[in-house]
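I opened this notebook to record what I looked up in one model. The entries follow the order in which I consulted it.

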Amino acid sequence: MTLARKLLFALGIVTICWAVILVTWGPAPFAFSFDDAYYYFTIGRNWAGGHASTFDLIDRTNGYHPLWQLIATVPFVFGLDGLTAVRFLLVVQLVLWAGAMAVVAGAVARAVDDWSRLGDHPEAKRFCDLVVVTAFVVLWVNPFIFKMTVNGLESGVVVPVAAVLLATSVGFGGRFMSRATSRQRWMTGGLLALAFLARTDAVILCATVAAWCAL
């Protein structure tokens with residue numbers, strides 16, 4: 001089994017464990033979400049109920065990042081409410097987090113190239129695989145790192161979009177204009193648009209990429 005497969009297998013096991021915790025553990029919606037997340041949830045509930053973009057049903061608001069607010073409205077549109085809707089959204093973020101970690105795992109596996117530099121030393125390669133997989137599992141099970149992404153806030157979409165954008169950029173060595181195909185450039189543009197919608201201060205990232213392309 002290649003290192004990439006080992007990392008993905010470990011990621012799958014850890015993701016299932018986290019899913020069980022999010023779905024079955026009573027305090028999970030409060031333990032993993034931040035208090036600011038409930039602004040998203042309440043605005044989503046009001047939006048799904050046919051009201052304007054409002055938190056208190058009195059004043060309108062645009063005090064949120066658009067992409068996660070749209071996603072946070074979905075469970076209420078389909079009739080979920082209360083902590084059930086919160087658990088649903090945390091599981092959605094778990095899936096997105098797992099996708100981001102899968103991108104990272106692929107990047108790591110490509111970087112080590114299955115330890116080709118070790119030559120024909122299978123025992124050494126297995127030991128190196130064990131070290132890398134163990135390090136990743138320790139990272140993935142750390143609740144403080146987990147809560148940085150699975151927390152009911154916009155970081156749940158910022159992290160996976162950034163991971164895919166980074167992987168796409170690395171794929172053509174940062175040469176957006178000379179090495180990338182038209183399809184890759186459109187993909188990068190779409191990812192930058194998603195990055196902006198995920199967190200509007202990503203306009204700084206978009207400007208940086210634009211400056212890099214110009215150079």
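**Entry 1. Leucine 11.** I listed the contacts of leucine 11, contact meaning heavy atoms within 4.5 Å. Leaving aside neighbours within four places in sequence, leucine 11 is in contact with Trp97, Ala98, Met101, Ala102 and Trp140. Leucine 11 is found in helix α1; helices (H or I, at least four residues) and strands (E, at least two) are DSSP runs, numbered from the N terminus.

**Entry 2. Basis of the model.** I note that this is a predicted model, in which local features need pLDDT of at least 70 and side-chain atom pairs count only at pLDDT 80 or more, while totals for chains, interfaces and linings use all residues. Residues are numbered from 1 along each chain as its sequence is written, and side-chain values use heavy atoms, with hydrogens and water left out.

**Entry 3. The chain as a whole.** I counted ten helices and zero strands in the protein chain. Along its principal axes the C-alpha trace spans about 70 × 50 × 25 Å. Of the 215 residues in the protein chain, 36% are buried. Among contacts between residues at least 6 apart in sequence, 67% join residues at least 24 apart. The accessible surface of the protein chain comes to about 12,200 Å², and 69% of this belongs to carbon and sulfur atoms; accessible areas come from the Shrake-Rupley method with a 1.4 Å probe, and for residues only the protein chains shown count as cover.

**Entry 4. The nonpolar cores.** A nonpolar core is a set of buried Ala, Val, Leu, Ile, Met, Phe, Trp, Tyr and Cys residues joined through side-chain atoms within 4.5 Å. In soluble globular proteins, nonpolar side chains tend to be buried together. Which residues touch the most other members of the largest nonpolar core? Of its 41 residues, they are Trp97, Trp140 and Phe146. The elements that give two or more residues to this core are α1 (3-24), α2 (28-32), α3, α4 (66-77), α5 (82-112), α6 and α8 (155-171). The largest share, eleven residues, comes from α5. I recorded a second, separate core of seven residues, which includes Phe172, Leu191, Leu192 and Val209. For tryptophan 97, leaving aside neighbours within four places in sequence, the contacts are Leu11, Thr15, Trp18, Trp140, Phe146, Thr149 and Val150.

**Entry 5. Helix α6.** I examined two residues here. Phenylalanine 136 is placed in helix α6 and is buried, with a relative accessible area of 11%. With residues up to four places away in sequence set aside, aspartate 129 touches Leu3, Lys6 and Trp115.

Entry 6. The twelve residues of α3 should span 16 Å, and the end C-alpha atoms are 17 Å apart, which agrees. In α3, Ala37, Tyr40, Phe41, Ile43, Gly44 and Asn46 are buried, and what covers the buried residues of α3 includes α4 and α5. Asparagine 46 lies in helix α3 (residues 37-48) and has a relative accessible area of 9%. Beyond residues up to four places away in sequence, asparagine 46 touches His51, Thr54, Phe55, Asp56 and Leu57. Just after α3, glycine 50 takes a positive phi of about 95°. Leucine 57 is found in the loop between α3 and α4; leucine 57 has a positive phi of about 65° although it is not a glycine. Most residues other than glycine have a negative phi.

Technical notes. Buried means under 20% relative accessible area, exposed over 50%, partly exposed in between (1.4 Å probe, protein chains only). The expected span of a helix is 1.5 Å times one less than its number of residues.
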